[in-house]
Amino acid sequence: MPHRTTALRLAAPVAVLALALTACGGGDDDTDADAKSPATTGATPSPSRPASGGDMAAGESATGKVAEDPGEVTYEVLAQRVDVGTEAEAAKAVADAADAKGKVLATAYLRYTHKGGPALTGGSDVHDAATVFADGRRGGVLVGAPEDAPGCEDPYDVESWRQGESHVFCETYVIPADATGVEVHWSEEDGEPYVWTFPQ
């Protein structure tokens, strides 16, 4: 279900935000092609790779394992929604407004539930594998975007996480303003991505 916000509240000062445009419209073409290739998604995984990944329906959760400290944790992951802002909001969020011309901010909300493994006492790496794509191409990372926008938790503030508990972490990327679809990708280490699509 698409969501479009009239304002993305960014708490961090503009001066500390920088736009990493290297990922916009290139750089990961080979990886993107592999992820979309029918041969890749339909192939039987090798013994060293987990059988994971694929297109997810709205509201459908994925399950995957992440190497954490003190041990491997199984998570249930759900991309809940993506809030897409305006070009004016993107221009205010970056150090140089020219970098945001023709682009908007897309903030993905992902819920992670600890399903199995040891309790965590020093943070988690589960959110590191989440990315945002627009029309099949990876968006640009917004360096310095706040982790605790409304409805989001800062993953670095979560110091205790036990089985059965859930947290919502957000990822903010820069995408073309005319994108017709936004995808949220999350994958296990060395696994194929799970992909949730949100039409715009």
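User: Is Glu 165 buried, partly exposed or exposed, and what is its relative accessibility?

Analyst: This is a predicted model, in which local features need pLDDT of at least 70, side-chain atom pairs count only at pLDDT 80 or more, and totals for chains, interfaces and linings use all residues. Residues are numbered from 1 along each chain as its sequence is written, and side-chain values use heavy atoms, with hydrogens and water left out. Buried means under 20% relative accessible area, exposed means over 50%, and partly exposed lies in between (1.4 Å probe, protein chains only). Glu 165 therefore counts as partly exposed, its relative accessibility being 24%.

User: Which residue forms a salt bridge with Glu 165?

Analyst: Side chains of opposite charge can pair when their charged atoms come close. A salt bridge is a side-chain nitrogen of Lys or Arg within 4 Å of a carboxyl oxygen of Asp or Glu. Here the N to O distance is 3.3 Å, and the partner of Glu 165 is Arg 162.

User: What is the relative accessible area of Arg 162?

Analyst: Arg 162 lies in the partly exposed class, as does its salt-bridge partner Glu 165. For Arg 162, the relative accessible area is 47%.

User: In the salt bridge of Arg 81 with Asp 83, how far apart are the closest N and O atoms?

Analyst: Arg 81 is partly exposed, at 26% relative accessible area, whereas Asp 83 counts as buried, at 6% relative accessibility. The closest N and O atoms of Arg 81 and Asp 83 are apart by 3.2 Å.

User: How many salt bridges does the structure hold?

Analyst: One of them joins Arg 81 and Asp 83, and another joins Glu 165 and Arg 162. For the structure, the number of salt bridges is two.
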